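Please open the model in a viewer and keep the selection tool at hand.

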Amino acid sequence: MYEHILLASHGTIGACAAEKAAINLSSSKTNLHHLIVIPDFWKNMLGDDWLNNAITQIRYGKYVEGELAKEIQITIDQVSEQAKNISYDYEVMLGEPTNCLLEVAQRSDFDLVIIGSPRPKGIDGINSRISSEILMRNLAIPLLIIPYP
């Protein structure tokens, strides 16, 4: 049905629902491009408000980077496993999620963009939302927002 799908996800419950939908909408002729955005608020996460020397701050920064890398690899492995019969590739970007998604969507010829819906109020998690309003105004291709499970 779709030949080139752009999937934006990052391992949360809502994003996993989007991943499943992307797999279900794919065929053996589909190229699934998986975008994982590390929100730019992580780049300055040094703990300098509570760590008191540069070496400790650097070590903490490397620890945070390592934990993010592990989480990203888990997400990539899970989607890759589900996409066994699909052409699958991925891209990791650092930045504001909505802008990163628009940038990737505009530089290739996608048939569809798939994202998860915002997390319902009262559900814990980091607030790094993609703005569906901005996407709908700026995307020239269909956007599918998968409901939170």
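The stops below cover the sheet, a helix across it, the cores, one glutamine and the cysteines.

This is a predicted model, in which local features need pLDDT of at least 70 and side-chain atom pairs count only at pLDDT 80 or more, while totals for chains, interfaces and linings use all residues. Residues are numbered from 1 along each chain as its sequence is written, and side-chain values use heavy atoms, with hydrogens and water left out.

**The sheet.** Begin with the strands (E, at least two residues); these and the helices (H or I, at least four residues) are DSSP runs, numbered from the N terminus. Five strands form an open sheet with parallel pairing, in the order E3-E2-E1-E4-E5. Select strand E3 (87–95) and strand E5 (143–146): they stand at the edges with a single partner strand each, so one side of each is left without a neighbour in the sheet. Direction ignored, neighbouring strands of this sheet are turned by 20° against each other on average. Two strands count as paired if DSSP finds at least two bridges between them; E2 and E3, which run parallel, are joined by nine.

Next, display H1, which lies across E1, E2, E4 and E5 and runs at about 150° to E4. Axes here are lines fitted to C-alpha atoms, for helices over the stretch in contact, and angles run from 0 to 180 degrees between N-to-C directions. Contact means heavy atoms within 4.5 Å.

**The cores.** A nonpolar core is a set of buried Ala, Val, Leu, Ile, Met, Phe, Trp, Tyr and Cys residues joined through side-chain atoms within 4.5 Å. Buried means under 20% relative accessible area, exposed over 50%, and partly exposed in between (1.4 Å probe, protein chains only). Which members of the largest core touch the most other members? Of its 21 residues, these are Leu7, Leu32, Tyr88, Ile114 and Ile146. Strand E1 (4–8), helix H1 (13–24), strand E2 (31–39), H2 and strand E4 (112–116) each supply at least two residues of this core. Apart from it lies another core, of 15 residues, including Val37 and Leu139.

**Gln82.** Move to Gln82 in helix H2 (residues 54–82). Gln82 is partly exposed, at 38% relative accessible area, and touches Glu19, Lys20 and Ile23, not counting residues up to four places away in sequence.

**The cysteines.** Finally, compare Cys16, partly exposed at 29%, with Cys100, buried at 5%. With a disulfide defined as a pair of cysteine sulfur atoms within 2.5 Å, the count comes to zero.
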